[in-house]
Amino acid sequence: MAFTLGLLRRRCRLWGRKRGLAVLMVAMVGTALAATYLRHLAQQRGVKEQPPCTVTQEQRRGLYLLLAAVSALLTRLSITHFLCFDSLWGAVHESGPLPWDPHAHLCALNEKVSRHEEAELLRAFRRRGLALEYSSAEGQYTIRNSSSALGTFEAPTVRVVLFEEDERVQMLRRVGWRRRLLPPDCDAHPSLQCFPPNLAASPLPIRPFGPLSLPAPREDIDLLKFHYPETWWRPLQPHC
Ligand SMILES: *[C@@H]1O[C@H](CO)[C@@H](O)[C@H](O)[C@H]1NC(C)=O
């Protein structure tokens, strides 16, 4: 016990003598940490000005050309379509695409699409230099410009997501075999991505989307609430 106390006292004396040095060291370490933190803050500001997932002007131009062509063709084919998902979010908050998104989303009514033969659709798109690819699992077309040069950047695409009305619940639900076997319980199966048909009832309003004017759902915020029930009220964060 006495031994321990003695040791402690000696340590304290030692500490007393070295206190000046210790304080100096703490101050130096503190300064270094503060400098590092300030550099980190500055870097963060830099990152915000130049986000990692930027979209080049060329990609933007390509997307607008593609969207204009797709929307014009869908209109010609009398296929009801409108901005949805992230593109609707962009239209509401930015009057255009989300700044980090090189692609666009449209939703369309399958009832109008299925009036056309698959081959007829393919031909119509191909004639305009557009490549059309259908995913029967997801119930979605992916459309690209077939002649756009393969640069270092991802070529823009327009995804057209198909919905059809389920008579039993009177809601539009996403088509595609992946969801076909699910019972039409919109609340139990969020992946059905249901929304009420009146939101897609013609005539649809037209919204600015960058330099374009595109059809939008009747109540755009209402559709956002159906698409993103948990997060519609706050700004969307980049996925990249
Ligand atoms: C496809 O790309 C070519 C070359 O970049 C461009 O001239 C043309 O306008 C584009 N067409 C569409 C529909 O995007």
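Reply: The buried residues of helix α2 are Gln59, Arg60, Leu63, Tyr64, Leu66, Leu67, Val70, Ser71, Leu73 and Leu74. Buried means under 20% relative accessible area, exposed over 50%, and partly exposed in between (1.4 Å probe, protein chains only). An α-helix has 3.6 residues a turn, so residues three or four places apart point the same way. This is a predicted model, where local features need pLDDT of at least 70, side-chain atom pairs count only at pLDDT 80 or more, and totals for chains, interfaces and linings use all residues. Residues are numbered from 1 along each chain as its sequence is written, and side-chain values use heavy atoms, with hydrogens and water left out.

Helix α2 covers residues 57-76, 20 residues in total. Helices (H or I, at least four residues) and strands (E, at least two) are DSSP runs, numbered from the N terminus. From first C-alpha to last, α2 reaches 29 Å, close to the 28 Å expected at 1.5 Å a residue. The expected span is 1.5 Å times one less than the number of residues. Just after α2, Ser78 takes a positive phi of about 55°.

Arg76 belongs to a positive surface patch, together with Arg123, Arg126, Arg127 and Arg128. Patch residues have over 30% relative accessible area and no salt bridge; like charges are joined within 9 Å, and nonpolar side chains (Val, Leu, Ile, Met, Phe, Trp, Tyr) within 5 Å. Lys and Arg count as positive, Asp and Glu as negative; His and the chain ends are not counted. Helix α5 (residues 118-127) gives the most to this patch, with three residues. Arg128 sits in the loop between α5 and β3 (130-135). Its relative accessible area is 36%, so Arg128 is partly exposed.

Other charges are paired. A salt bridge is a side-chain nitrogen of Lys or Arg within 4 Å of a carboxyl oxygen of Asp or Glu. By this rule, the count is nine. Arg179 meets Glu138 in one of them, at 3.2 Å, N to O. That pair links distant parts of the chain, 41 residues apart: Arg179 is in helix α6 (residues 177-180), Glu138 in the loop between β3 and β4 (140-145). Arg179 is buried, because its relative accessibility is 10%.

Arg173 and Asp166 form another salt bridge, at 3.4 Å, N to O. Arg173 is buried at 9%. Asp166 is buried at 8%.

How values were computed: Areas by Shrake-Rupley, 256 points an atom, 1.4 Å probe, with all protein chains shown as cover. Charge placed at Lys NZ, Arg CZ, Asp CG, Glu CD.
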